[in-house]
Amino acid sequence: MMRYVLTLTLLLLTAASASGAYAVDQRDPLTIIDETTARILSILDERREEFTADKALLQDVVREDLLPLLDLNYSARLILGKAGKGVSPEQLESFSQAMASVLVNRYADGLLEFRSDKQVEVLPLKGNNTDKLTRVRTRIALENGGFTPVDYAFRKTDAGWKAFDVTVEGISYIITFRNQIAPRVEADGIDKVTEEILSGSIQLSD
């Protein structure tokens with residue numbers, strides 16, 4: 001169930017970057033999520049057979065459209081926490097790209113499961129939202145008739161609003177990966193852990 005929901009969260013983020021991978025996105029986080037859900041699901045429906053036949057192509061599409069919307073280095077810093085003290089910009093970049101590969105490879109196939117924009121309800125903003133942290137709340141409809149709450153954390157950057165965390169049923173993507181990765185970095189160093197993530201020898205759970 002967690003993988004099902006996280007796949008859809010990445011689907012939404014992938015859609016949000018489709019308006020221009022490297023242009024500054026002037027839209028606010030709520031509009032980004034709200035406007036693009038139906039669009040990306042439409043694209044998936046139109047190319048479903050193509051993607052099913054060539055899963056590597058789907059991974060390429062996810063990589064091209066997803067990554068520009070994510071604040072990868074900021075997320076990487078949060079995942080590392082105190083274990084990232086003293087890490088160079090080059091090491092952080094390598095680590096963040098390794099984590100990006102994890103996301104792309106893990107969730108690309110799952111995009112084919114989603115067939116309707118009615119699976120997603122975007123809720124009005126509430127609470128104290130700022131440029132440093134704005135949360136967009138959504139509800140994902142499940143096959144059993146229930147729903148799962150999913151929150152997106154955005155921050156405003158020079159390139160526009162960027163997503164840096166997703167919380168599913170109260171479980172943060174950042175904290176989930178920090179608990180698995182930070183102790184390894186403290187024990188073995190950032191370079192070895194980055195290499196192990198890329199090679200797949202570290203199995204990260206959702």
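Two aromatic rings of Phe, Tyr or Trp count as a pair if their centres lie within 6.5 Å. The close-ups below come from a predicted model, and a search of the whole structure finds two such pairs.

**View A. Tyr74 and Phe164 form an edge-to-face pair.** The ring centres are 5.1 Å apart, with 85° between the planes. Tyr74 belongs to helix 5 (residues 72-80) and Phe164 to strand 4 (residues 160-168), so this pair ties together parts 90 residues apart in sequence. Phe164 is buried, at 10% relative accessible area. Tyr74 is partly exposed, at 30% relative accessibility.

**View B. Arg155 places its charged end over the ring of Tyr74.** The distance to the ring centre is 3.9 Å. Tyr74 also takes part in the aromatic pair with Phe164.

**View C. Arg139 places its charged end over the ring of Phe147.** Here the charged end sits 4.1 Å from the ring centre.

**View D. Tyr173 and Phe177 form an edge-to-face pair.** Tyr173 is buried, with 16% relative accessibility. Phe177 is buried too, with 3%.

**View E. Helix 7 (residues 173-188) packs against helix 8 (residues 190-199).** The angle is about 130° and the axes are 7 Å apart. Helix 7 is therefore oblique to helix 8. Helix 7 contributes Ile181, Arg184, Val185 and Asp188 to the contact. Helix 8 contributes Ile190, Lys192, Val193, Glu196 and Ile197. By class, the contact has five nonpolar and four charged residues, and no polar ones.

Methods:
Residues are numbered from 1 along each chain as its sequence is written. This is a predicted model: local features need pLDDT of at least 70, side-chain atom pairs count only at pLDDT 80 or more; totals for chains, interfaces and linings use all residues. Side-chain values use heavy atoms; hydrogens and water are left out. Axes are lines fitted to C-alpha atoms, for helices over the stretch in contact, and angles run from 0 to 180 degrees between N-to-C directions. Helices (H or I, at least four residues) and strands (E, at least two) are DSSP runs, numbered from the N terminus. Angles under 35 degrees count as roughly parallel, over 145 as roughly antiparallel, 65 to 115 as roughly perpendicular and the rest as oblique. Contact means heavy atoms within 4.5 Å. Ala, Val, Leu, Ile, Met, Phe, Trp, Tyr, Cys and Pro count as nonpolar, Asp, Glu, Lys and Arg as charged, and the others, Gly among them, as polar. Rings of Phe, Tyr and Trp (its six-membered ring) pair if their centres lie within 6.5 Å; planes under 30 degrees apart count as stacked, over 60 as edge-to-face and the rest as tilted. Buried means under 20% relative accessible area, exposed over 50%, partly exposed in between (1.4 Å probe, protein chains only). A charge sits over a ring if NZ of Lys or CZ of Arg is within 6 Å of the ring centre and within 35 degrees of the ring normal.
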